[in-house]
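Let's take a walk through this fold, one piece at a time. Have the structure open as you read.

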Amino acid sequence: MSKTTILIGFMGAGKTTVGKVLANITNQPLLDLDDEFTRGTKLSPKEFMEQLGEEEFRTTETRILKSQLDFDGIISTGGGVVESELNRQLIRDSSAQVIYLKTSLANVLERLSHDNVRPMLRKMSVIDLQNCWNRRGIFYQLLSNVTIETTNKNPTKIAREIIDFEQQHDELLPLRSQIDSLDRQIFNLVSQRFDVVREVASVKEQLHASVVQTERMDEVRAELKNDFSDNSNISEQLIEEMMNILFSSSIQRENEQIKKVD
Ligand SMILES: Nc1ncnc2c1ncn2[C@@H]1O[C@H](COP(=O)(O)OP(=O)(O)OP(=O)(O)O)[C@@H](O)[C@H]1O
Ligand SMILES: O=C(O)C1=C[C@@H](O)[C@@H](O)[C@H](O)C1
Ligand SMILES: [Mg+2]
């Protein structure tokens, strides 16, 4: 990789975090616009906004962006860089590879629940935040060469996807990026399901109830088939196969926990 890579995305999407990992792997320098802002003004974005307001912050952010656009390496931007039309124009006119790190608002809120350095987050209600996320999301999408879905991926996986995109420009990559995120979300849910299964096993043990309850299993399958009957992606056979895997894994775990074989 030789030219500039610009990471854009909402607050907490991981631009700074992934930028560091990407810089490490590819041996490129990293410039974080928020850090550069602090170096230039001697105030953090939070201090600057508190003292001089958002408008002045955006003007200064534009000046810093403009002066760094030919940086030979990775630029991690601040989440609000797309708020200004001037910044959007600067990014559009640059020859940089623009990567949109996309994440869900739920993920952002979870990651930044204890944050106290992002003034924009503090001053917005949940509705304002949702509107801001929607509005900026359109700009991130329009400005970027590729969208990397980051939900439930670790920073190294995300950095590797960026490298793959820069090396291959494969049309399949953004789609696979979505699939890889969804697979991780599915396994997170499966893991949560096993947490509940553990509780179920404890209750069954106390009640001396049988681990395998075929009636309940039949009921679950039937309800799922009914609920997904209008969904052409989910066939009855898929429900059978996936539920068989989940049921047999759960039964095995419950038996191991209760230490008896039914
Ligand atoms: N892929 C990830 N998985 C889990 N946690 C992450 C991931 N990426 C970032 N985080 C965590 O989310 C928080 C915010 O990350 P980071 O500062 O990189 O966001 P940012 O996109 O640079 O935000 P900003 O726009 O405000 O600069 C950090 O605590 C970081 O450790
Ligand atoms: O999303 C935003 O508007 C901001 C994000 C941060 O990176 C900082 O640039 C600043 O706190 C503003
Ligand atoms: Mg950052």
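Start with strand β1 (residues 5-8), which pairs with β4 in the parallel sense over four bridges. Here strands (E, at least two residues) and helices (H or I, at least four) are DSSP runs numbered from the N terminus, and two strands pair if DSSP finds at least two bridges between them. Before going on: this is a predicted model, where local features need pLDDT of at least 70 and side-chain atom pairs count only at pLDDT 80 or more, while totals for chains, interfaces and linings use all residues. Residues are numbered from 1 along each chain as its sequence is written, with chains lettered from A and ligands numbered from 1 in the order in which they are written.

On its other pairing, β4 joins strand β5 (residues 146-149), again in the parallel sense over four bridges. Five of the six residues of β4 (residues 97-102) are buried, so the strand is largely enclosed by the rest of the structure. Buried means that 20 or more other C-beta atoms, placed from the backbone, lie within 10 Å of the residue's own.

Now hop to helix α2 (residues 33-41), where Leu 33, Asp 34 and Phe 37 are buried. Seen down the axis of α2, these buried residues fall within an arc of 100 degrees (taken from the directions from the helix axis to the C-beta atoms), so they line one face of the helix. Just after α2, Lys 42 takes a positive phi of about 65 degrees.

Terms used: A residue is buried if 20 or more other C-beta atoms lie within 10 Å of its own, exposed if 12 or fewer, and partly exposed in between; C-beta atoms are placed from the backbone.
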